[in-house]
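Visitor: I am new to reading protein structures. Could you take me through one, feature by feature?

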Amino acid sequence: MPFKIIASQCTSCSACEPLCPNVAISEKAGGFVIEPAKCTECIGYFEEPQCVAACPVDGTCVIDTSWPPYQAQA
Amino acid sequence: MNAVVGRREYADGPVATGKMMQPAAEHKGCRTSANTGHASCGSRAGQGDLPTGIWEKVKNHPCYSEEAHHHYARMHVAVAPACNIQCNYCNRKYDCANESRPGVVSEKLTPEQAVRKVLAVASTIPQMTVLGIAGPGDPLANPEKTFRTFDLVAKAAPDIKLCLSTNGLALPDHIDTIVKSRIEHVTITINMIDPEIGAKIYPWIFFNHKRYTGIDAARILADRQLQGLEMLGERGILCKVNSVMIPQINDHHLVEVNKAVKSRGAFLHNIMPLISAPQYGTVFGLNGQRCPTAQQLKVLQDACEGEIAMMRHCRQCRADAVGLLGEDRSAEFTIGQVMKMDVKYDLEMRKAYQDRVEDERAAKVTAYQDGLAKFTGEMSEITLLVAVATKGSGLINEHFGHAKEFQVYELSTSGVKFVGHRRVDVYCQDGHGEEDRLSTIIRGIDDCHAVFVAKIGGCPKSNLIKTGIEPVDQYAHEYIEKSASAWFRSYLDRVKSGEIQHAKRGDAAIRQGALISAA
Ligand code: SF4
Ligand code: SF4
Ligand code: SF4
């Protein structure tokens, strides 16, 4: 399941954006968004999802349960 | 030192392995050898015992030289919003136009917009000599934006000094780029060297693609900070260390921090009071963590003063502040306004203006030394504080009712020494003084025996006298140090003749909350 960003909590600090190994995060309308099709949950790159680990507002980068897990997709 | 030695034993994994305990750098901070015997950061305009290369780097830098801050201005550009650590005294969500506090900005700029703003400010304020990047966030967590901005500014405005403030976590990785970018001054915020204490200040850090928490996080952070400090020293870059004084968490420990950074060649140590009003929504603010009083801060700063100079004139500026320290003109230079301005960067005009400033400075030093000469031979146990209303240039040139802050000087028979500043609410709004404001001003300077002003109304005057603070307006538009020593002399005479009795004064509160602008 890819990660998503809760728009109302995002401070637009941009900490997550350069860390994503899949360039799945971009700025849209003043906030940051994750393109679900590109997110691999960081599996294969890092031990922890980078956007979650770097985000200063806990609970802002969360699993998007409306998508299947990344590994199931592969 | 035990904390440092102990910590070394864990030094494996991603932590620093650089050699610790370097001999102190050969310069001794910006202490001058002035005949007062006081160690104070550049409170004289002279070179003192500083090597010429270092003097050139600090003499026009308002943060590195207390004396220069009366004459020269700085600006910050906010290009770097991301951060790689979390501090319990920071809330990055907060933003307010009237607030002066690190981390606060009204707009974030691209590097290109930032350069345009620098040129606009440099043309309008020719005494602006320093550009800093200090967040919000950590500039080295945004290295591309930060270094691109510095490179563009270095090309467009070659006379402006470049300054960087960082939490130090990423510092060792960027030393070579810092050197290449011609950055002459770096500030590292170091609040602890003991990870146990660090764990109470930093809930987590993001390092090597992982989030670390608790003692592990603090240990990595402290190691990287001290390693970065040493590496800067090896490359001849002046380093200032900022520490936030957090009562009951690191207040006593900062003496250890001071020793540790001193031994690694830090040039200046700036111990600042915690800002923790609950309305800022920081962890400390919401927990009811208190901030120090003015006297507690001074006692700690005094305890750390030695071979390394203590900075006492820091204003804990916004990350987009513009102007002299203690004034903020950032509202005049929003990106909308800057885009409309017709910007001509005129190096010659700036130089001519700064030459005039140098003449003023020299006159002030002569005046001070004249005043001091009168003290020779006189001895007294009495030491006291006075507050001064000033708009800059080293003069008593501000109306009591218009002062947004007072500068505080310590007077003794060995000289006049700057020890800090107190932000206050402006007393006069719309031409009327307000009584509750007066009581907050008095609380802010309640440890002072006198307040020097260019002018003061009858009502605040009598209230100050009632409180035991002498309002002094007879030195309007004269030099601060000279006037203060003349007044002190007359004070001692009055004590000697029995006309007045010297009594100790109380403590003072450090102003928290929004800065209410008079403009
Ligand atoms: S979990 Fe990893 S891959 Fe997915 S958006 Fe976050 S950083 Fe990118
Ligand atoms: S790190 Fe968090 S707050 Fe910052 S831009 Fe990304 S989602 Fe938003
Ligand atoms: S915060 Fe302190 S050190 Fe930084 S610019 Fe302001 S006065 Fe100087």
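This is a predicted model: local features need pLDDT of at least 70, side-chain atom pairs count only at pLDDT 80 or more; totals for chains, interfaces and linings use all residues.

Visitor: How many salt bridges does the rule find across the interface of chain A and chain B?

Guide: Two. Polar contacts also cross that interface: seven residue pairs, both partners at pLDDT 80 or more. Now look at the side of chain A that touches chain B: ten residues are nonpolar, five polar and three charged.

Visitor: How do I put a size on an interface?

Guide: The size is often given as the accessible area lost when the parts come together. Here, chain A and chain B bury about 1,200 Å² between them. Carbon and sulfur atoms carry 51% of that.

Visitor: Which residues in chain A lose the most area to chain B?

Guide: A:Glu48, A:Ala53 and A:Pro56. Together they account for 28% of what the chain A side buries. As for contacts, chain A brings 18 residues and chain B brings 13 residues.

Visitor: Let's turn to strands. How should I read the two faces of one?

Guide: In a regular strand the side chains alternate between the two faces of the sheet. Take strand E5 of chain B, residues 185-189. On one side are B:His185, B:Thr187 and B:Thr189; on the other are B:Val186 and B:Ile188. Both faces are covered.

Visitor: Why is E5 of chain B described as largely enclosed by the rest of the structure?

Guide: Because five of its five residues are buried. The cut-off for buried is under 20% relative accessible area.

Visitor: Which way does strand E4 of chain B run against E5(B)?

Guide: The two run parallel, joined by four bridges. E4(B) covers residues 161-166. Find B:Ser165, and opposite it in E5(B) stands B:Thr187. Then find B:Leu164, whose bridge partner in E5(B) is B:Val186.

Visitor: What are the pairings of E1(B) with E3(B) and with E11(B)?

Guide: With E3(B), residues 128-133, the pairing is parallel over four bridges. There B:Ala73 stands opposite B:Met128. With E11(B), residues 322-323, the pairing is antiparallel over two bridges. There B:Met75 faces its opposite number, B:Val322.

Visitor: What is the order of the strands in the open sheet of chain B?

Guide: Eight strands run E10-E9-E8-E5-E4-E3-E1-E11, with mixed pairing. E10 (309-311) and E11 stand at the edges. Each has a single partner strand, so one side of each is left without a neighbour in the sheet.

Visitor: Last topic: the backbone angle phi. What should I look for?

Guide: Most residues other than glycine have a negative phi. Look for the exceptions. A:Ser12 has a positive phi, near 60 degrees. B:Arg182 also has a positive phi, of about 60 degrees, and is not a glycine.

Visitor: Where do A:Ser12 and B:Arg182 lie?

Guide: In loops. A:Ser12 is in the loop between strand E1 (3-5) and strand E2 (25-28) of chain A. B:Arg182 is in the loop between helix H5 (175-180) and E5 of chain B.

Visitor: Is A:Ser12 buried or exposed?

Guide: Buried, at 18% relative accessibility. B:Arg182 is partly exposed, with a relative accessible area of 46%.

Notes. Residues are numbered from 1 along each chain as its sequence is written. Chains are lettered from A and ligands numbered from 1 in the order in which they are written. Side-chain values use heavy atoms; hydrogens and water are left out. Contact means heavy atoms within 4.5 Å. Buried area is the accessible area (1.4 Å probe) that two parts lose on being put together, summed over both. A salt bridge is a side-chain nitrogen of Lys or Arg within 4 Å of a carboxyl oxygen of Asp or Glu. A polar contact is a pair of N or O atoms within 3.5 Å; within protein, one must be able to donate a hydrogen and the other to accept it, and residues adjacent in sequence count only if both atoms are side-chain atoms. Ala, Val, Leu, Ile, Met, Phe, Trp, Tyr, Cys and Pro count as nonpolar, Asp, Glu, Lys and Arg as charged, and the others, Gly among them, as polar. Buried means under 20% relative accessible area, exposed over 50%, partly exposed in between (1.4 Å probe, protein chains only). Two strands pair if DSSP finds at least two bridges between them.
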